[in-house]
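Thanks for coming. I have one structure to go through, and I will keep it short.

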Amino acid sequence: MNDLDPIWVKHQRLVNSNSMLAGRFMQHMHDRGHAQRNDVISPFSVLSALGMLHAGAAGQTRAQMNYSMPDELLQFYTVYADSLPRKGPFKSANAIWLNKANNFEIKLPYRRAVVNAYNALINKIDFSHPL
């Protein structure tokens with residue numbers, strides 16, 4: 001395979017971005033004492049959550065997220081998530097939970113983005129009454 005092949009180069013950048021993000025995340029977890037625990041962390045779940053945050057971010061927040069998580073990585077996971085069957089053995093539990101007491105409304109473009117790209121549910125509950 002030619003090192004200048006655009007598909008190979010894009011794939012290599014994606015692998016490098018994913019590895020960099022995973023390494024930073026694992027270092028963060030280690031630094032906070034999780035090294036001695038038996039935790040299971042799903043990269044797909046982490047990137048789905050970060051992708052939903054990224055979809056609503058703007059300005060400096062979005063710039064900081066782009067630094068940590070290149071757009072092509074988010075695009076890959078968005079395409080991957082969209083390619084999964086909506087019904088079947090794999091179920092993604094993406095959701096946004098809003099406190100009813102705050103009367104916060106999600107803007108329609110963001111609502112569409114997280115529902116369409118991440119198959120997320122949007123729920124309003126009373127945070128003062130635990131489930």
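How many of the 131 residues of the protein, in percent, count as buried? The figure is 21%, where buried means under 20% relative accessible area, exposed over 50% and partly exposed in between, with a 1.4 Å probe and protein chains only.

Some ground rules. This is a predicted model, so local features need pLDDT of at least 70 and side-chain atom pairs count only at pLDDT 80 or more, while totals for chains, interfaces and linings use all residues. Residues are numbered from 1 along each chain as its sequence is written, and side-chain values use heavy atoms, with hydrogens and water left out.

Now the layout. The protein has 5 helices and 2 strands, and along the sequence the order is α-α-α-α-β-α-β. Helices (H or I, at least four residues) and strands (E, at least two) are DSSP runs, numbered from the N terminus.

Next, the core. The largest nonpolar core holds 18 residues, and Leu-47, Met-69 and Leu-73 have the most contacts inside it. Such a core is a set of buried Ala, Val, Leu, Ile, Met, Phe, Trp, Tyr and Cys residues joined through side-chain atoms within 4.5 Å. At least two core residues come from each of α1 (6-31), α2, α4 (71-83), β1 (95-99) and α5 (108-118).

Leu-47 deserves a look. Setting aside neighbours within four places in sequence, Leu-47 is in contact (heavy atoms within 4.5 Å) with Asn-18, Leu-21, Met-69, Leu-73, Leu-74 and Tyr-77.

On to helix α2. Its buried residues are Phe-44, Leu-47, Ser-48, Gly-51, Met-52 and His-54. They lie on the same side of α2, because they cover an arc of only 160 degrees around the axis; the arc is that of the directions from the helix axis to the C-beta atoms. The face turned away from that buried side carries the exposed Leu-53 and Gly-56.

Why does Ser-48 count as buried? Because its relative accessibility is 3%. Beyond residues up to four places away in sequence, Ser-48 touches Asn-94 and Tyr-118.

Tyr-118 takes us to α5, where the buried residues are Val-114, Ala-117 and Tyr-118. These cover an arc of only 95 degrees around the axis, which puts them on the same side of α5. Pro-109 and Arg-112 are exposed on the face turned away from the buried side. After α5 comes Asn-119, with a positive phi near 50 degrees.

That is where I will stop.
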